[in-house]
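Student: I am new to this structure and would like a close look at a single part of it. Please keep the account plain.

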Amino acid sequence: MAKARRGRPRKRGEGEGPTPERWRRGDVERLDRSIADEEGRPARPYRVIDSLALMQRRGSITAAMRQAGEDFRAVFAAASLDPLAAADLARVPQNVRMLGLGAAQIEARRRVWRALQALGGIASPAGSCAWHVIGCEWSLKDWALRAGWSGRPLGQETASGILIGALGVLQAHYGL
């Protein structure tokens, strides 16, 4: 038999959404419009504010620079370069020889490579920052402390300047 819940009755919406600890971090917001949830009912979910949106709100990057970052992120995702992505189990090959890339993934990887070449290569500060912060969606602070440039930790201001420079180059590369 299930135990009855004791104490005050739960109000609608209580216990849903981010925890108070998450709210204190300040990087979460509620969407301004309703969207459909898993069952098709209208809902107003919460979302995390990413680094690019936060930088645009602060005025450190322009809308075109943010769009260039979003374009790079979309191509990076289409190229399946994020190491943390789970495999689609319906498409798991029976042996290693069957494993191959589709034409769309190959083209997306070429586009990522061209963008990285415009940034000075993957080993350059801007290329490393674009790969990790924009592509793999690390926080700028994590990249500055963990990866930095050539394995050396960077200061937060230096890392921010590198990201802004990389976004400027991507903006020119994408013609925005």
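Student: Are α5 and α7 roughly parallel or roughly perpendicular to each other?

Tutor: This is a predicted model, and the answer below concerns the model. Two packed helices are described by the angle between their axes and the distance between the axes. For α5 and α7, the axes cross at roughly 90 degrees and come within 9 Å. Angles of 65 to 115 degrees count as roughly perpendicular, so α5 and α7 are roughly perpendicular to each other.

The residues that meet can be named on each side. From α5 they are P125, A126, C129, V133 and I134, and their partners in α7 are I162, L163, A166, L167 and L170. By type, this contact has 10 nonpolar residues, with no polar and no charged ones.

In soluble globular proteins, nonpolar side chains tend to be buried together.

A residue of another type can be buried as well. Q105, in helix α4, has 18% relative accessibility; buried means under 20%, so Q105 counts as buried. Leaving aside residues up to four places away in sequence, Q105 touches A78, A79 and S80. The side chains of Q105 and S80 are joined by a polar contact of 2.6 Å.

Conventions. Residues numbered from 1 in each chain as written. Predicted model: local features only at pLDDT ≥ 70, side-chain atom pairs only at ≥ 80, totals over all residues. Heavy atoms only, no water. Axes fitted to C-alpha atoms, helices over the stretch in contact; angles between N-to-C directions. Helix = DSSP H or I, 4+ residues; strand = E, 2+ residues; numbered from the N terminus. Parallel < 35°, antiparallel > 145°, perpendicular 65-115°, else oblique. Contact = heavy atoms within 4.5 Å. Nonpolar A, V, L, I, M, F, W, Y, C, P; charged D, E, K, R; others polar. Buried < 20%, exposed > 50% of the residue type's maximum accessible area, 1.4 Å probe, protein only. Polar contact = N/O pair within 3.5 Å; in protein donor to acceptor, adjacent residues only side chain to side chain.
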